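Hi,

Here is the structure I promised to send over. Have a look first, and my notes follow below.

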Amino acid sequence: MAGRANRNEISYYPEIQRFIEAQLKSNFKAKRNKELFVFWGIGELKTNLHKIIAEHPDLCRCVKDFAQQVPPLNLDIFALITNGTQFEVLILEVKLMNSAGLKEWSQLVGYCLVSGAKYGLLINIDNGASPRLAHILSTETHLSHIETIVDNKVREHCLGFMQWDSLTQNFEYSNLGLIKSLSDLSNHLADEFIN
C-alpha cells in the first residue's frame, strides 16, 4: 500500500473510529429511530471512562458502577456506547501486520474477559487473519461467543475479526467470529437497548 510504510497503527485510529461511529449511529437510528452516543478512549480504560463520565454526566450516569469496578487496562481503542440509560463497551484491538493470528485474538479475548466488556473486534489494517486463526474462528464458534459466570451472573462476550482497507477507508468483512459486520453489532445493540 502506498504511503503505508510511513504510518503506524495509531495513525489509523481516527479514520477507524469515525467509520465505526457513523455506522453504529446510522444503523441504530434506522432500527430504533433513536439516538446512540459513542464516546472514544485510547489507552487506559478506567481513567478514560471516568473522564468521559465527567465530561458527559447526564448521558453516562449509567456507566458509573462499571467504571468503578473495571481494572486499569491499557487498550488500543475502546468505545463507550450508550443511549443514556444503558451502555456497552466495545474494545478494538488494532493491528498493522501481515496476518493477525491467535496471539492477537487471545489478547482481545483477555481484555474483554478482564474488563467485562461485552463486545470486541480484532482489526487488521490492509491484511486479514492468519490461515490458522481463520480456521479456528470458522470451526470453533465458542471462541467468539464466550460466556462466563462472575458473581453468579452470566457475562457474555461477542467478538469478531475485520479487516480495515486504508485505501477505501472501509471495512472488508471476513465472516470470522460472532460479530461479522458493523450491522451485526448495531443489531445486537438495538436488541439490547430497549429504552
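Predicted model: local features only at pLDDT ≥ 70, side-chain atom pairs only at ≥ 80, totals over all residues.

Asn152 counts as exposed, because its relative accessibility is 79%, over the 50% cut-off.

Now the inside. The largest nonpolar core has 31 residues, and Leu49, Val63, Leu80, Val89, Ile91, Trp105 and Phe161 have the most contacts inside it. Helix H2 (45-55), helix H4 (64-69), S2, S3, helix H5 (102-115), helix H6 (131-139) and S6 each give two or more residues to this core. H5 provides the largest share, five residues. Take Trp105: beyond its neighbours within four places in sequence, its contacts include Leu122, Leu133, Leu137, Leu159 and Phe161. Apart from this core lies another, of 30 residues, with Tyr12, Phe19, Val94 and Ile125 among them.

Then there's helix H7 (residues 182-192). Its buried residues are Leu182, Leu185, Ser186, Leu189, Ala190 and Glu192. Down the axis of H7 they fall within an arc of 165 degrees, so they line one face of the helix. Their cover includes helix H1 (13-32), strand S2 (74-82) and strand S3 (87-95). At the N-terminal end, Ser181 caps H7, with a side-chain oxygen 3.4 Å from the backbone nitrogen of Ser183.

Cheers

How values were computed. Residues numbered from 1 in each chain as written. Heavy atoms only, no water. Buried < 20%, exposed > 50% of the residue type's maximum accessible area, 1.4 Å probe, protein only. Helix = DSSP H or I, 4+ residues; strand = E, 2+ residues; numbered from the N terminus. Arc of directions from axis to C-beta. Contact = heavy atoms within 4.5 Å. Polar contact = N/O pair within 3.5 Å; in protein donor to acceptor, adjacent residues only side chain to side chain. Core = buried A, V, L, I, M, F, W, Y, C linked by side-chain atoms within 4.5 Å.
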